[in-house]
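Hello,

Here is the structure we talked about passing on. Please look through it first; my notes follow below.

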Amino acid sequence: MKKITIAIDGHSSCGKSTMAKDLARKVGYIYVDTGAMYRSVTLYALAGGLFNADGSIKTDELEQQMDNIDITFRLNEETGRPDTYLNGEYVEQKIRSLEVSNHVSPVAALGFVREAMVARQQLMGQGGGVVMDGRDIGTVVFPHAELKVFVTASAEVRAQRRFKELQEKGMPADFDDILKNVRERDYIDSHRGPCAKPTTPCCSTTAT
């Protein structure tokens, strides 16, 4: 049976990754968390001092260092799900921090970052048999994916999911700060290029 490409799109913190991971495991496909890739670039920029004091990005320096950023995924035998590694270092928890969440949207909006990540994602997805989630997966990365799913949820529901996730990991969490971050990311994402919502027929679901 031919293996297909499954693209799961939607707003931030609406459960795309959880859905994609579980689906990939169920059907025996490779899962690629594209959001983790952008978060990894953001973590690299934060750790390397590539943000100015006012929060703006040192774009020239980051662009020059893009070839130094190696993002890989390794299967966690205990969870049955892949973990994210940045230049060989386990960063699965670090990239989920509120600090990274507060900086990832402007990083992801940079053309050279998106170009580099899209190229890597398309390479990973050659031949099908993959489940990928993230913004623009069904419109830019895999416009001809055989199956596309778009996930939505209110900002409050998404903030509560994020709040609970951070608490379970023992990480600092403030609901109001998270809700503010979710709304800010929604605004940035809706004003930085093609809408995440697929323009071709797809399945749609609302997270609760």
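In helix α2, the residues T34, M37, Y38 and V41 meet V113, R114, M117, V118, R120, Q121 and M124 of helix α5, where contact means heavy atoms within 4.5 Å. The residues of this contact divide into 7 nonpolar, 2 polar and 2 charged (Ala, Val, Leu, Ile, Met, Phe, Trp, Tyr, Cys and Pro count as nonpolar, Asp, Glu, Lys and Arg as charged, and the others, Gly among them, as polar).

This is a predicted model: local features need pLDDT of at least 70, side-chain atom pairs count only at pLDDT 80 or more, and totals for chains, interfaces and linings use all residues. Residues are numbered from 1 along each chain as its sequence is written, and side-chain values use heavy atoms, with hydrogens and water left out.

Helices (H or I, at least four residues) and strands (E, at least two) are DSSP runs, numbered from the N terminus.

M124 lies in helix α5. Its relative accessibility is 32%, so M124 counts as partly exposed (buried is under 20% relative accessible area, exposed over 50%, partly exposed in between, with a 1.4 Å probe and protein chains only). Apart from neighbours within four places in sequence, M124 is in contact with V32, M37, I71, F73, V130 and M132. M124 and V32 are 92 residues apart in sequence, and their C-alpha atoms are 8.1 Å apart in space.

There is also an open sheet of 3 strands in the order β3-β4-β5, with antiparallel pairing (two strands pair if DSSP finds at least two bridges between them). β3 (71–76) and β5 (89–90) stand at the edges with a single partner strand each, so one side of each has no neighbour in the sheet.

Regards
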